[in-house]
Each structure stands twice: as C-alpha cells, then as structure tokens.
Amino acid sequence: MAKDTDYGAFMEKFVLQQSSSARELPLNSLTFAVKDMSVLITLFAQRFDVDGYVTGFGNPDWARTHPAATSTAPAVLAVLRGGATCVGKTVLDEMAYSMNGENKHYGTPKNPCAPDRVPGGSSSGSAVAVGAKLVDFSLGTDTGGSVRIPASHCRILGFRPSHGAISTTGVIPMAQSFDSVGWFARDPMILNRVGRVLLQLPEVDPVIPSQIIIAEDCFQLSTIPSDRVTEPLLKSVNKLFGGDLVKHAVLGDYVKEKLPSLKQFMIKGNVDQEYNIPSLAALASAVQLLLRYEFKNNHGEWISTVKPDLGPGISERVREALRATDENLDVCHSVKTELRAALNVLLGIIQDFGVLAIPTVPGPPPKLQSDQIPLEAFRAKASSLQSIAGVSGFCQVSIPLGMYDNLPVAISLLAKHGSDGFLLNFVEILYDTLQEEVGIAEQKGY
C-alpha cells in the first residue's frame, strides 16, 4: 500500500536503470515511473510488463492469476536505454476502465494541486507522481483519455501520440483501435526529449504552425469561462507569430457535415443532450461501441472465469462491455477513416502543420467519491472531447493553464497523425509565453 509521503502514487518502488549511463544519453539523470499496465523483465509492471514483475492492471485478482513478466515493454526499454532511471510502478483504475483515478483496492492517489478532487484516470498514479515532483516524467496509457484527463486534473503536461506511433507490445491491451502509450512531464523540454526517444525522432528545427484553429463550440462545453482558457493562447500566439495564424471553427457542425457514416450514431439521446455537441456525442458513442467489443475480446473470458472483485463504476462498465456484439463495427471503422480525412482537410492537406485547440476536459476535476449520476454530464462531455483524437488517431497534448477558482485549468492542442515532433517542438516554443499570459490572467482574478 502506498504511503502518504508519495501521495499514494506508487504500487511498488524499486530502482531500475541501464548498467551504463553515459552522460550524452538524452534522458541521463532523469527519473520516471511506469503505470502498472506494462511488462518489465526482472524490472517492473502494472499495465506495462517489466521482466520479473507481475503486471497488476489495478486489480488484485488480476495480479493473483497472472505470472510474472518474462520480458520488458519496448516503451520502457526505450527510456531506460535513453539514460532514465525507473523508480517504481504506479496505481491506476482497475483494468484502466475509468477517467476518475479512484481505486478501491489500492487507494486513490492524492491530486497534488486539488487534494479533495480526483486525480483523473486511468493513469492516476503516473500523473500524480509527476505533479507531486516525485519523478521527472512518467509513462501512462491512453485509450479514451487516460493521459490527457489526469494531466489536466493534476496541472501538468500530458502527451498522447499519434495512434500506432509507439509500440504497445508488453502493455496490457484494453482496445487496440485506440490504445496508445503516452507520457507526462512538468517541463516542456523534458516532454520533448522523452517524446523523441519514444518516437525515435531526430532533432529537427521547429516549424511555425500554418494555422491555429479554435474550436469555439468545444470551449462552450466547459464550465470554465471560454475566455479564461482561450485568451492566454491567443495572446501568446499573437506575440510569437502574429494573430493571422488564428482561425475559428464550429467543429461539431463540420464533423456532422463531413462524416456521413456518423448518422448511424446520431441517436435521439445524443441529439437531445443539451449539455453536449450532438456530432461529438455520436463520435463518443462510436468509440464506446468499438472499445467495449475489443475489451470483451481481450478480457471477457478471464472476467467470466475469475469473477474479479471490481469497484463501483468499474463493475457496471465491465458488465456492459461483456454484452457487446459486433453490430455496426464496420461503421465504426468508417467513422475513423472519415474523421481523419476531414480533420486533415481542416488543418491543411498541403500545409501539414495546422493545430486544433480544444479544452482538455469540460471543467475542473470532480470531487472525490462523487455520486455517479451527477457525474454523467461531465463524463459525456469529456468523452466527446477525448473522442476527437481517439477516433482520428491525431496526436494531442494537454497544457496546464494555471488555476481558476483554485482548481486546475488546461487546454489541448491537436496535430495531424505523424506530426508528433512538430507538436512537441511547438509546445516547447509556446510554453513560457503561455505561462506568462496565464499569470497575467490569474493576477486579474480571471
């Protein structure tokens, strides 16, 4: 059980590093933690496999019924070989199936910037370890928002790469159509350095974005005033590049027009959600259909055989997944293809370096142990926002924007599939100016 001194972030602590740590290695002297979802070899695990450690997947019944790993996940090996030192594996939601970060078996990691609020999930411990300055960076996974949401809630940087850009070998699968290895950091330079190691990217000169599109309707989903979120970005872009780069769009209308296959998911419940954008709610429905089906294929037999003890919220979602069928799966894949094509056009087919700005989440992190029903509106809107990158496969970064009403605020930037290096460089260029503008906004009480 994690101790108070580590904010409840860790499942297990240890030290794992390459035998030789040459000073010229890009991640030399940096420490990191890994979500309990990957395999390590005589090293560690939780959703990542680490040789010699059992990957726990957030549930004691899983740990009890699975052997120790016999190899280490390539993503973990990459940062180890880059010179970083692993100091432990971190807590996550059971079976990675929640956006809250609460775990009834191992405890809920304490949100370092809002202790009475959830840390976000499912990569809760990885985010808290970075936010509490226990490590320099951490690895997590993101299927439906599990890096982006906790990054926002814990006021740190979180990066979900282009889908398929980083190997998920040695990571317990949830839904392969969306699973991604992501990472957290407090410092944009470290975020960039870790990304270049994981993505095997060469050092290249930064490129100025061709355009930055503000998704106006998405910002209206947030309970935080849209100006408080967008103004620091707009003023920073104007200072650094000039205001001509900024464009505005109503993303929901654009998605509805450009995705004919989405009509299948424009059900009455989505259209009538006053608090949501119908087309993005439909996107989220497509994600859930495919996610449940793939989750069932991956874990249904184990769940039915072992009958694991699952916490509230998780057990209901798992039961729903076990009822999934293959109906409309082909339509889901059509939606994925159509959205990527549509967003490619929106951000510029020839000019490859457009950026789309949306809120990471629709408001401040919910209170700990909130009732499930009042959370439904938050979950629905959050799922709609997460589905944009999830369905398109685009890369996305969540950037902290200080505090509003003593609670964390964040904005997300998305770039086209394969533009990860560009987006990492852009964040590094933008970050200091953006934080200066955030400071001004906070001083004004905004």
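Which residues line the second largest cavity? They are Phe178, Ala286, Val287, Leu290, Cys332, Val335, Lys336 and Val391. Keep in mind that this is a predicted model, where local features need pLDDT of at least 70, side-chain atom pairs count only at pLDDT 80 or more, and totals for chains, interfaces and linings use all residues. Residues are numbered from 1 along each chain as its sequence is written, and side-chain values use heavy atoms, with hydrogens and water left out.

**Cavities**

- Searching the whole structure turns up two cavities of 30 Å³ or more. A cavity here is a set of points, on a 1 Å grid over the protein atoms alone, where a 1.4 Å probe fits but cannot get out, and lining residues have an atom within 4 Å of a point. The volume is the space filled by probe spheres set on the points, which are joined across faces, edges and corners.
- The largest cavity has a volume of about 40 Å³. Its lining is made by Ser152, Ser222, Ile224, Val229, Pro359, Val361, Gly363, Pro408, Val409 and Ala410.
- Strand β13 (residues 407-415) supplies the largest share of that lining, three residues. Helices (H or I, at least four residues) and strands (E, at least two) are DSSP runs, numbered from the N terminus.
- Sorted by class, the lining of the largest cavity has seven nonpolar, three polar and no charged residues. For this sorting, Ala, Val, Leu, Ile, Met, Phe, Trp, Tyr, Cys and Pro count as nonpolar, Asp, Glu, Lys and Arg as charged, and the others, Gly among them, as polar.
- Back to the second largest cavity: about 30 Å³ of space lies in it. The elements giving two or more residues to its lining are α10 (278-306) and α12 (329-347).

**Helix α10**

- At His299, α10 bends by about 60 degrees; the bend is the angle between axes fitted to the seven residues ending there and the seven starting there.
- Just after α10 comes Lys307, with a positive phi of about 55 degrees.

**Aromatic rings**

- There are eight aromatic pairs in the structure. Rings of Phe, Tyr and Trp (its six-membered ring) pair if their centres lie within 6.5 Å; planes under 30 degrees apart count as stacked, over 60 as edge-to-face and the rest as tilted.
- Phe57 and Trp62 are edge-to-face, because their ring centres are 4.9 Å apart and their planes sit at 70 degrees. Phe57 is buried at 0% relative accessible area, and Trp62 is buried at 8% (buried means under 20%, exposed over 50%, partly exposed in between, with a 1.4 Å probe and protein chains only).
- Phe159 and Trp183 are stacked, because their centres are 4.8 Å apart and their planes are at 25 degrees. Phe159 lies in strand β7 (residues 157-160) and Trp183 in strand β8 (residues 180-185), so this pair ties together parts 24 residues apart in sequence.
- Phe159 is buried, with a relative accessibility of 0%, and Trp183 is buried at 0% too.
- One aromatic cluster is formed by Phe241, Phe353, Phe422 and Phe426.

**Cysteines**

- The disulfide count is zero, where a disulfide is a pair of cysteine sulfur atoms within 2.5 Å.
- Cys395 is buried, at 0% relative accessibility.
- Cys332, one of the residues lining the second largest cavity, is buried with a relative accessible area of 2%.

Terms used:
1 Å grid on protein atoms, 1.4 Å probe; cavity = no way out; pocket = protein on both sides within 12 Å on 5 of 7 lines; lining within 4 Å.
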